[in-house]
Amino acid sequence: METDEIACSSGIEVVRRRVRHLRIEVKPPGVVIVIAPLWISKERVLETIRKHSDWIETKKRYVQQASELAKKLRVKEKSHLELDELVRGLVRKYAELLDVPVPKVKYRFMKRRWASYSEDGTITMNRKAAFLPKRLIEYLIYHELCHVFVKRHNRSFWHLISMRFPDYRRLELELLAFHLKLQESCAERSRDSLSKQR
Ligand SMILES: [Zn+2]
């Protein structure tokens with residue numbers, strides 16, 4: 001891994017890796033990292049950054065906003081029983097509302113997702129959802145059930161979402177903020193246990 005000097009001045013870090021395609025990531029608290037294949041020229045990298053500069057700025061602001069919000073969040077954990085009861089009730093409510101069969105519910109720890117829907121009719125909830133307030137859990141369940149109709153996050157999908165949750169953009173931001181907050185508290189906890197071991 002080698003860091004390129006080209007984009008450092010613009011606050012963008014370019015990392016060269018054995019990857020096929022160039023990709024741009026925005027990491028909290030708003031760091032832009034461009035992962036570029038080894039063979040691609042500096043000019044091409046710069047051109048791609050320029051071409052996507054609006055997207056980069058928007059995404060950066062979004063991640064910064066979520067990081068700020070994360071600092072203010074207070075998290076309270078529900079017991080698994082409490083979470084499961086809430087989830088099952090909401091799954092029934094929204095399956096009825098959307099007129100779809102009531103899905104099965106599973107739980108597991110997931111790194112990058114709060115919930116997912118599989119075509120066999122199962123909603124998998126991240127166990128970390130125990131830290132979320134009810135409204136966000138409601139949104140997650142409605143979101144996953146909307147995937148019964150539309151698989152991708154396209155315009156019609158967000159239209160369907162907005163019929164019940166017109167403030168979905170804010171809710172998505174809050175979900176990212178909770179994700180960051182929990183990541184941070186996990187890191188703190190492991191730092192604590194490390195220093196206790198010493
Ligand atoms: Zn989705």
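Helices, counted as H or I runs of at least four residues, and strands, counted as E runs of at least two, are DSSP runs numbered from the N terminus. In this predicted model, the chain over residues 82-175 is 51% helix and 15% strand, and the end C-alpha atoms of that stretch are 20 Å apart. The stretch belongs to a feature recorded in UniProt, in an unreviewed entry, as "domain: YgjP-like metallopeptidase", which the record places at residues 20-79 and 82-175. The two spans of the feature are set side by side below.

| Span | Helix | Strand | Distance between end C-alpha atoms |
|---|---|---|---|
| Residues 20-79 | 50% helix | 20% strand | 44 Å |
| Residues 82-175 | 51% helix | 15% strand | 20 Å |

Three strands form an open sheet with the order 5-7-6 and mixed pairing. Strand 5 (104-108) and strand 6 (115-118) each have a single partner strand, so they stand at the edges and one side of each is left without a neighbour in the sheet. From one strand to the next, the twist averages 20°. The pairing between strand 6 and strand 7, the latter formed by residues 122-126, is antiparallel and runs over four bridges; Ser-116 has Thr-124 in strand 7 as its bridge partner. Helix 4, residues 134-146, lies across strand 6 and strand 7, and runs at about 25° to strand 6.

Leu-46 lies in helix 1, which spans residues 42-51. How exposed is Leu-46, given the other C-beta atoms within 10 Å? There are 17 of them, and because a residue counts as buried at 20 or more and as exposed at 12 or fewer, Leu-46 is partly exposed.

Ser-156 is placed in helix 5, residues 155-164. With 12 C-beta neighbours inside 10 Å, Ser-156 counts as exposed. Ser-156 and Ala-115 are 41 residues apart in sequence, and their C-alpha atoms are 20 Å apart in space.

Key:
Residues are numbered from 1 along each chain as its sequence is written. This is a predicted model: local features need pLDDT of at least 70, side-chain atom pairs count only at pLDDT 80 or more; totals for chains, interfaces and linings use all residues. Two strands pair if DSSP finds at least two bridges between them. Axes are lines fitted to C-alpha atoms, for helices over the stretch in contact, and angles run from 0 to 180 degrees between N-to-C directions. Two residues are in contact if their C-beta atoms, placed from the backbone, lie within 7 Å. UniProt positions are given in the numbering used here, feature names are shortened, and annotations may be inferred rather than shown by experiment.
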